[in-house]
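This report describes the charged side-chain pairs of one protein model and the surroundings of its ligand. The structure is shown first, and the description follows.

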Amino acid sequence: MKKKLAVLISGSGTNLQSIIENVNSGFISNAEIAVVMSNNKDAYGLKRALNYKINTEVLEHSNFSSREAFEDELIRILNNYNIDFVVLAGFMRILTKNFISAFKNKIINIHPALLPSFQGEDAQVQAFKYGVKFAGCTVHFVDEGVDTGAIIVQAVVPVLQKDTEETLKKRILNQEHKILPYAIKLLTEDKLFLDGRKVLLLNQETDDMKDIFMINPYSDLS
Ligand code: GRF
């Protein structure tokens with residue numbers, strides 16, 4: 001039985017699009033998107049889901065008297081779909097322990113920075129303004145903190161002198177579209193296990209990446 005995913009969005013849904021394409025290509029072979037849920041009725045990601053005849057639900061947080069009431073309804077809806085994993089793909093609501101405890105170690109999030117650096121909003125801009133030489137993105141388990149859960153996958157990109165906030169955002173987003181489906185594949189094929197804060201791969205021979213390195217600004221210091 002394939003694992004059932006709920007993908008939570010709030011906006012454009014380019015990460016959702018990447019998940020859909022990777023399910024349809026068979027790269028994500030042991031999961032299906034059971035529902036796409038948005039807290040924003042105008043999220044373009046809802047149209048992306050409908051293009052592929054994927055169930056959609058809209059739950060506008062402004063219709064609820066409290067964060068808990070919103071989350072109780074969200075939990076009820078997701079349980080109706082028998083969800084195994086929840087994927088936050090640009091979902092712009094903070095989730096409380098009320099929701100997180102209902103899906104313990106079953107919620108993952110994509111963040112556009114190399115956590116634990118640059119937590120919170122506009123992470124790409126934070127990194128750009130800080131003047132880092134490498135930026136990137138992270139898929140992590142969601143715990144009760146903000147962007148503090150155990151890290152599953154990260155991708156690193158150089159920051160170039162000619163970069164603008166937009167060119168850096170685009171370079172990071174291109175990597176988000178790769179590592180989120182990859183993390184979902186590992187998770188839904190039961191290839192991951194938690195060792196304290198560390199997320200490790202089952203049956204992983206010694207990872208022979210020891211000689212890989214990047215230097216920015218580039219130099220032939222090899
Ligand atoms: C992505 O950059 C993601 O890292 C952040 O929100 C953005 C969502 O983009 N959390 P999209 O809706 O997937 O295009």
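## Salt bridges

A salt bridge is defined here as a side-chain nitrogen of Lys or Arg within 4 Å of a carboxyl oxygen of Asp or Glu. Shared partners join K185, E189 and K191 into one salt-bridge network. The structure is a predicted model, in which local features need pLDDT of at least 70, side-chain atom pairs count only at pLDDT 80 or more, and totals for chains, interfaces and linings use all residues. Residues are numbered from 1 along each chain as its sequence is written, and side-chain values use heavy atoms, with hydrogens and water left out.

The count of salt bridges comes to eight. One of them links K4 to E32 at 2.7 Å from N to O. K4 belongs to strand β1 (residues 3-9) and E32 to strand β2 (residues 31-38), so this pair ties together parts that are 28 residues apart in sequence. Strands (E, at least two residues) and helices (H or I, at least four) are DSSP runs, numbered from the N terminus.

## Burial of the paired residues

Burial is expressed as relative accessible area: buried means under 20%, exposed over 50%, and partly exposed in between (1.4 Å probe, protein chains only). K4 is buried at 18%, whereas E32 is partly exposed at 32%.

R171 and D163 also meet in a salt bridge, at 2.7 Å from N to O. D163 is buried, with a relative accessible area of 7%.

An N or O atom in the side chain of E176 is 2.6 Å from an oxygen atom of the ligand. A polar backbone atom of N15 is 2.9 Å from a ligand oxygen, and a polar backbone atom of I110 is 3.5 Å from a ligand nitrogen. On its own the ligand has 370 Å² of accessible area, of which the protein covers 81%; these areas come from the Shrake-Rupley method with a 1.4 Å probe.

Conventions:
A polar contact is a pair of N or O atoms within 3.5 Å; within protein, one must be able to donate a hydrogen and the other to accept it, and residues adjacent in sequence count only if both atoms are side-chain atoms.
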